[in-house]
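Please examine the following sequence and structure. The explanation below leads through selected elements one after another.

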Amino acid sequence: MSQLNNILRLSFRDYSHEWRMSGCFVFALASVLAPMMILFGLKFGIVSSMISGLVENPVNREIRPIGSGHYSEQWVEQFRSRPEVEFIIPKTRALAATIQLKSKTANHILSTEMMATALGDPLLKELSSVPKGYFEVILSKEASIKLKAKKGQSIDASLARQFQGKRERVHLTLTVIEIAEAAVSSRNIAFVNLDLLLATEQFKDGRAVPELGWLGDTEKFEERQYPSFRLYAKSIYDVNHLVTDLEKQGIRVKANTAEIYTVQSIDQNLSVIFWIIACVGAVGFAFSLGASLWANVDRKKKELSILRLLGFKSSRVVLFPLVQSCLTGLLGWLCAVLIYLVFEQLINRFLAPRLNLDQTLCFLLSEHFFWALGLTMVTAILAAILGGFRAAKIEPSDGLREI
Amino acid sequence: MSIIYSLKNVVKERMIENVGFRLLVPNLEISKGENIALIGHSGCGKSTLLDMLALILHPDQAKQFSLGTNDGETNNIEQLWQKKKHDQLSEIRRLNIGYVMQSGGLLPYLTVRENIELPRRLLKLADDDSINSISKVLGIQRQLDKLPGLLSAGERQRVAFARALSHRPSILLADEPTAALDPITARKIMAVVMELIKGLKITLITSSHDWAHVYKMDLRTLHQEASVLENGRVYQSLFRD
């Protein structure tokens, strides 16, 4: 439709011809939009930091069973396959899970707690390997300091039991394959493969462990039952779901739900505050843009009447304020984005370090920018309705002459 | 001689501050190629009549109001207004009519050339040399790429005429086109325009305040008869030959 093309072209030419006036509208929009983007960026950045802080510490995703239970291999295997579960490994009896460690470089014997570990253990994520078989161990930082042990070093491990009236002790040589970060635990822990832990329990129960040459009862087992397990959810949002499911199965558990709930609650409250401010801002801006478009149409009555006189249809002339409103929306958004980016950098580089905070204090995803553009354009189009009505009502013969 | 406009008992009424104004055209027939001047003082309804002839103002009553166009059609204008066929009226206007206002008829954000081109663009007419030749005749060739704000009043009116004629309409309406200009410029411009329209066989209907000049140019004139009706509450303006 040539009339449509012409109207688009004429609206654009008029808009750029009046660049000072158009510029004022663009800045007015940017001055409302930019602070809202900065506000939202702060909310999003702060909440994201809080969430990632929670997420990074696996303790916040851990679900601990209360008391003892009876969990079969099968049950553990089944639970492992759930999509919300990041990692699950069985635990043996706590009393049976200690071992005495001694290294050549330190003179005392350290009584160490053993924990089973496997590939994918969130506690040991940063390390490149996990213990395999019976003779590998990862020491906690605290244990390695007490034993003055280094990576690659061999240490002596021993277990004691009361068997057939006699006190027995067996020894093993373990290789320290890695040392865990201090943040993992402040206790003396030896992370071992589940096989070694089971062997230890068997020994202490008076059973034989033929693979290690330890003597004892050779009675066949029934299906093994574990008293507990170590479980981590994939994200803090999955924690609640898993807790509910376990409780449905009659298993009482404990998790860091309080902290998670706090962060979610802060997120929600900040969102509500933000949206209230945003709505007030948007409505205010829509009215002010609408009023100025209406006044513009009034001011340009003669020019719009000339267009009607030349033969432009009324329905096309109505598009004039609409096109100009959309131009204001687009340019205003661009301007606001630029202002936002400047402030984002200022906040993250200069303010955040001063407050000892994360460098992503103010942060927006690219989808947020596109949402802002969408909402701005919708507001601009709605505001243009006022101007459009005014334009439709123009009687060319009245508009042509300045009365 | 084919008839272009045919008006019978056409009435337009307006209320301005409790006084009624009534424009009445009892009988008017305009043939193709005629040049007509509306004579009367300011505020007597000349502009109102021109607006009705330009199809931008609807009559309140009309026994007959028809417009014959180049394609041989006779359009029933009062019926189109009654049936609110505004788009059709727009189309007739676009194709057949050129209008010159007293002043300020140009779009300030388009160059002179773009202003003159606009009616042709609306009709999707091809770019030919007509704009250049019409600009030459009207003496504005050197202003073609300037914005109207940089031209003098006289130059702007010449551009207004160029735009009104650029799409070769069959009718040229002019509402006191030279009223804002000095008499010498005014007469120069009108002389050029009269030559142009004679060559293009365009029907001219103009209103003018310079009566002496109009009589000299030997145009058919329509005079206004004023009367006061209804005990001073209605002022009537009647146009006849």
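**A guided reading of the two chains**

The buried residues of helix α7 of chain B are B:Ala186, B:Ile189, B:Met190 and B:Val193; a residue counts as buried if 20 or more other C-beta atoms lie within 10 Å of its own, as exposed if 12 or fewer do, and as partly exposed in between, with C-beta atoms placed from the backbone. These residues lie on the same side of α7(B), because they cover an arc of only 100° around the axis, the arc being that of the directions from the helix axis to the C-beta atoms. On the other side of α7(B), the exposed residues are B:Ile184, B:Ala191, B:Glu195, B:Lys198 and B:Gly199.

This is a predicted model, in which local features need pLDDT of at least 70 and side-chain atom pairs count only at pLDDT 80 or more, while totals for chains, interfaces and linings use all residues. Residues are numbered from 1 along each chain as its sequence is written, and chains are lettered from A and ligands numbered from 1 in the order in which they are written.

Helix α7(B) spans residues 183-200. Helices (H or I, at least four residues) and strands (E, at least two) are DSSP runs, numbered from the N terminus. With 18 residues, α7(B) reaches 26 Å from its first C-alpha to its last, close to the 26 Å expected at 1.5 Å a residue; the expected span is 1.5 Å times one less than the number of residues. After α7(B) comes B:Lys201, which has a positive phi near 55°. The buried residues of α7(B) pack against α6 of chain B, where contact requires that the C-beta atoms of two residues, placed from the backbone, lie within 7 Å.

Helix α6(B), residues 153-165, in turn lies across β6 and β7 (171-175) of chain B and runs at about 170° to β6(B). Such angles run from 0 to 180 degrees between N-to-C directions, with axes being lines fitted to C-alpha atoms, for helices over the stretch in contact.

Strands β6(B) and β7(B) belong to an open sheet of 10 strands with mixed pairing, in the order β5-β4-β1-β2-β10-β9-β3-β8-β7-β6 (chain B); two strands pair if DSSP finds at least two bridges between them. The edges are formed by β5 (74-76) and β6 (97-100) of chain B, each of which has a single partner strand, so one side of each is left without a neighbour in the sheet. On average, neighbouring strands of this sheet are turned by 20° against each other, direction ignored. Within the sheet, β3(B) (residues 35-39) and β8(B) (residues 203-208) pair in the parallel sense over 5 bridges, and B:Ile36 stands opposite B:Ile205 in β8(B).

Strand β4(B) gives a view of the two faces of the sheet. In a regular strand the side chains alternate between the two faces of the sheet. Strand β1(B), residues 3-16, runs antiparallel to β4(B) and is joined to it by 4 bridges, with B:Lys8 as the bridge partner of B:Gln64. Strands β4(B) and β5(B) also pair in the antiparallel sense, over 3 bridges, and B:Gly68 stands opposite B:Thr74. These two strands form a hairpin with 5 residues between them, and B:Gly72 in the turn has a positive phi of about 90°.

B:Lys63 is placed in the loop between α1 and β4 (64-68) of chain B. With 12 C-beta neighbours inside 10 Å, B:Lys63 counts as exposed. Leaving out residues up to four places away in sequence, B:Lys63 touches B:Lys8 and B:Asn9.

The contact between the chains takes 24 residues from chain B and 19 residues from chain A. On the side of chain B that touches chain A, two or more residues each come from α1 (46-53), α3 (86-96) and α4 (112-122) of chain B. The largest share, 6 residues, comes from α3(B).

Chain A contains an open sheet of 4 strands in the order β3-β11-β1-β12, with antiparallel pairing. Its edge strands, β3 (85-91) and β12 (253-255) of chain A, each pair on one side only.
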